Amino acid sequence: MPAEDRSRHLAVVAARAAADKKAQEIIALDVSERLVLTDVFLVTSGANDRQVKAIVDAVEEALHKEGAKAVRKEGLSEAHWVLLDFGEIVVHVQQEEDREFYALERLWKDCPVVDLPADLYAPTDGAESANA
């Protein structure tokens with residue numbers, strides 16, 4: 001059964017909040033067929049500790065306005081890989097080198113990508129980046 005509409009909506013809200021803080025490589029994966037604990041993984045990157053924390057704060061604030069509260073938050077003190085568990089969705093905010101190393105997209109490659117609005121993908125070097 002695909003991710004619920006609310007989960008997809010929360011993923012878009014979280015992605016938009018992350019994009020507002022210049023998050024990179026935003027991708028949402030429908031993990032509902034593989035996990036019973038959540039519907040969507042949202043994965044994104046920040047360049048450094050400060051940006052990762054800013055992305056986390058923005059995502060939490062945006063989802064709070066939607067009535068979602070993080071039931072678990074891990075990794076904020078180091079800010080290399082922060083996991084925010086909102087029940088319906090889990091948001092992973094990683095520094096770029098951690099994202100490359102752990103390669104969550106590769107681990108969950110069998111899961112369908114959740115479509116996110118095209119405006120969330122910032123141009124890179126003058127060209128539009130593709131939805132990874």
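Me: Ile89, Val91, Val93 and Gln95 point one way from β5; which residues point the other way?

Reply: This is a predicted model, in which local features need pLDDT of at least 70, side-chain atom pairs count only at pLDDT 80 or more, and totals for chains, interfaces and linings use all residues. Residues are numbered from 1 along each chain as its sequence is written, and side-chain values use heavy atoms, with hydrogens and water left out. In a regular strand the side chains alternate between the two faces of the sheet. Opposite to Ile89, Val91, Val93 and Gln95 point Val90, His92 and Gln94.

Me: How many residues of β5 are buried?

Reply: Strands (E, at least two residues) and helices (H or I, at least four) are DSSP runs numbered from the N terminus. Buried means under 20% relative accessible area, exposed over 50% and partly exposed in between, with a 1.4 Å probe and protein chains only. β5 is largely enclosed by the rest of the structure, because the buried residues number seven of the seven.

Me: In what order do the five strands of the open sheet lie?

Reply: Two strands pair if DSSP finds at least two bridges between them. β2 and β5 are parallel over seven bridges, whereas β4 (residues 81-85) and β5 (residues 89-95) are antiparallel, with five bridges. With this mixed pairing, the order is β1-β2-β5-β4-β3.

Me: Which strands stand at the edges of the sheet?

Reply: Each edge strand has a single partner, so one side of it is left without a neighbour in the sheet. The strands concerned are β1 (24-30) and β3 (72-74).

Me: Which residue of β5 is the bridge partner of Trp81?

Reply: In the β4 and β5 hairpin, three residues lie between the strands, and Gly87 in the turn has a positive phi of about 85°. Val82 stands opposite Val93. For Trp81, the bridge partner is Gln94.
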